[in-house]
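Please keep the sequence and the coordinates open beside them as you go.

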Amino acid sequence: MAVLGLAILLATAGCGTRADRAGAEQGSAATPASLGMVDIRDLVPDIDTDIRYAGPDNFTGAPVEGYEAPKCYLLRPAAEALAALERELRPRGLRLRIFDCYRPARAVRRFVEWANDPSDQRTRAAYYPALEKSSLVPDYIADRSGHSRGATVDLTLLQCDRPGSADCRPLDMGTPFDFFDPRANTDHPGLAPAQRESRARLREAMERHGFANYPMEWWHYTFRLEPEPQVHHDVPVR
């Protein structure tokens, strides 16, 4: 009952009132903070972030609408859990690298528009070489994303030269981030042993801190106290 009560409290704090949600869709003065989110760098100032959708290095080939700054916002309980994990990993010579956190609904709509444009094949070789672009919806690109609720994060693990070092490199996960292919499935049978181990290390670490993996994407995790499914915010990241 205590967990249920906390989940209800988080849902209320995270999504705000119905008017808040409508205002966000209409481009009001709402901010991630007003929706109960915090910038992860407020908790871990030097955390490694590579927010792909704020620049051109992503599957659309261009900065994505809604990402006006390369920032990671999450609902406070999710952000605090992620910060705790980062602190746990550092003495072991590991760190996190974050690719995406809260995602405005307008960015999701842009993804769908891109997927439905067969003339734009600029990024096929890097992101979906074995699939037709038309097949990416809905398995890989949906018209609504859990990221827009503020409790989902895309990330990987870094191995550092020594504990506390900033000289770190990503572990081999078998595919890049946002690679649209069955090989990105967390438990894909074709992985090399070292790649399987790297994914298992990430999943075990995330699960210890309350995050669950989306099996189709090794990088995708959602905090256990996620708001209700109908919540999808559209406040820009800035």
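1. Arg90 has a relative accessibility of 22% and so counts as partly exposed (buried means under 20% relative accessible area, exposed over 50%, and partly exposed in between, with a 1.4 Å probe and protein chains only). Its salt-bridge partner is Glu86, and the closest N and O atoms of the two are 2.8 Å apart (a salt bridge is a side-chain nitrogen of Lys or Arg within 4 Å of a carboxyl oxygen of Asp or Glu). Glu86, by contrast, is buried, at 0% relative accessibility.

2. A word on the basis of these notes. This is a predicted model, in which local features need pLDDT of at least 70 and side-chain atom pairs count only at pLDDT 80 or more, while totals for chains, interfaces and linings use all residues. Residues are numbered from 1 along each chain as its sequence is written, and side-chain values use heavy atoms, with hydrogens and water left out.

3. On confidence, the mean pLDDT of the protein is 89, and 88% of its residues reach 70 or more (pLDDT is the predictor's confidence in each residue, from 0 to 100). Over residues 1–27, however, the pLDDT is below 50, although this stretch has 34 contacts in the model beyond near neighbours in sequence (a contact means heavy atoms within 4.5 Å). Where pLDDT is low, the predicted coordinates should not be read in detail.

4. As to the overall fold, the protein has 7 helices and 8 strands (DSSP runs numbered from the N terminus, helices being H or I of at least four residues and strands E of at least two). Of its 238 residues, 52% count as buried, and among contacts with a separation of 6 or more, 75% are between residues 24 or more positions apart. Helix 5 (residues 105–115) is mostly covered, with 8 of its 11 residues buried, including Arg106, Phe111 and Trp114.

5. Which residues are linked with Glu86 and Arg90 in a network of salt bridges? Asp46 and Arg95 complete that network, which belongs to a structure holding 22 salt bridges. The side chains of Arg95 and Asp46 meet at 3.9 Å, N to O. This pair links distant parts of the chain, as Arg95 is in strand 4 (residues 94–100) and Asp46, 49 residues apart from it, is in the loop between helix 3 (40–43) and strand 2 (48–49). Arg95 is buried, at 9% relative accessibility, whereas Asp46 is partly exposed, at 43%.

6. Asp178 is buried, at 5% relative accessibility, yet has no salt bridge, and the nearest side chain of opposite charge, Arg103, is 5.8 Å away (Lys and Arg count as positive and Asp and Glu as negative, while His and the chain ends are not counted). Arg103 instead forms a salt bridge with Asp100 (2.8 Å, N to O), and both of these residues are buried.

7. What does the side chain of Asp178 make a polar contact with? The partner is the side chain of Tyr53, at 2.4 Å (a polar contact is a pair of N or O atoms within 3.5 Å; within protein, one must be able to donate a hydrogen and the other to accept it, and residues adjacent in sequence count only if both atoms are side-chain atoms). Not counting residues up to four places away in sequence, Asp178 touches Tyr53, Phe59, Tyr127 and Trp219.

8. Tyr53 itself is found in the loop between strand 2 and strand 3 (73–75) and is buried, with a relative accessible area of 1%. Leaving aside neighbours within four places in sequence, Tyr53 is in contact with residues that include Asp100, Arg103, Phe111 and Asp178. Val64, 11 residues apart from Tyr53 in sequence, is 5.3 Å apart from it in space, C-alpha to C-alpha.

9. Two backbone details deserve a look. Phi of Asp178 is near 60°, a positive value in a residue other than glycine, and the peptide bond from Val137 to Pro138 is cis, with omega near 5°. Most residues other than glycine have a negative phi, and most peptide bonds are trans. Pro138 is found in the loop between helix 6 (124–127) and strand 5 (152–160).
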